[in-house]
Amino acid sequence: MPSGYDRRRLSVEWARGEHGRHRDGPRMTVNQRPTKTLFVINFNPIHLRVEDIKRHFECYGEVLDVRIQLNFAFVQFETQEDATKSSLIACT
C-alpha cells in the first residue's frame with residue numbers, strides 16, 4: 001500500500017514476540033513461525049495514523065490492535081490465519 005505524501009510502499013514481516021521465543025541452551029532464539037502480529041515498516045510516521053494502518057489491514061480480517069512506535073508499527077489480528085492472508089493477497 002503506498003502511504004503518506006511520499007507514497008512509500010509498506011513492508012510487512014512476522015513480528016517476533018515473547019510467545020515466539022524459546023530457551024535453547026544459554027541464549028534465547030527466535031521462533032520464525034507465523035503469529036497473529038505483523039511488523040510493518042517503510043511508512044512516514046508523521047503522515048500515517050493508526051486509523052490509516054487499521055483501515056488498510058482490516059480487509060484481511062479483524063484487526064485487534066495497531067501500535068506505532070517511531071518509524072514502525074505492530075498490527076495484531078484476531079487470528080493467525082487473518083495475519084497470513086495479509087501477506088498472501090491484496091485488498092481490492
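## Pairing of S3 with S6

Strands S3 and S6 run antiparallel and are joined by four bridges; two strands count as paired if DSSP finds at least two bridges between them. Strands (E, at least two residues) and helices (H or I, at least four) are DSSP runs numbered from the N terminus. Within this pair, Trp14 stands opposite Leu38 in S6.

The model is predicted: local features need pLDDT of at least 70, side-chain atom pairs count only at pLDDT 80 or more, and totals for chains, interfaces and linings use all residues. Residues are numbered from 1 along each chain as its sequence is written, and side-chain values use heavy atoms, with hydrogens and water left out.

## The four-stranded sheet

S3 and S6 belong to an open sheet of four strands in the order S3-S6-S8-S7, with antiparallel pairing. Strand S3 (11-14) and strand S7 (63-69) are the edge strands, each pairing on one side only. On average, neighbouring strands of the sheet are turned by 25° against each other, direction ignored; axes are lines fitted to C-alpha atoms, for helices over the stretch in contact, and angles run from 0 to 180 degrees between N-to-C directions.

Five bridges join S6 (residues 37-41) to S8 (residues 72-77), and these strands run antiparallel. Thr37 stands opposite Gln76 in S8, while Ile41 has Phe72 as its bridge partner in S8.

## Helix H1 against the sheet

Helix H1 (residues 50-57) packs on the sheet and touches S3, S6, S7 and S8, where contact means heavy atoms within 4.5 Å. The direction of H1 makes about 140° with that of S7.

The buried residues of H1 are Asp52, Ile53, His56 and Phe57; buried means under 20% relative accessible area, exposed over 50%, and partly exposed in between (1.4 Å probe, protein chains only). These residues lie on the same side of H1, because they cover an arc of only 120° around the axis, the arc being that of the directions from the helix axis to the C-beta atoms.

## The nonpolar core

A nonpolar core is a set of buried Ala, Val, Leu, Ile, Met, Phe, Trp, Tyr and Cys residues joined through side-chain atoms within 4.5 Å. The largest has 14 residues, and those with the most contacts inside it are Val40, Phe43, Ile53, Phe57, Val63, Val75 and Phe77. S6, H1, S7 and S8 each give two or more residues to this core, with the largest share, three residues, coming from S8.

Leaving aside neighbours within four places in sequence, the contacts of Phe77 include Leu38, Phe57, Tyr60, Val63, Leu64 and Ala83.
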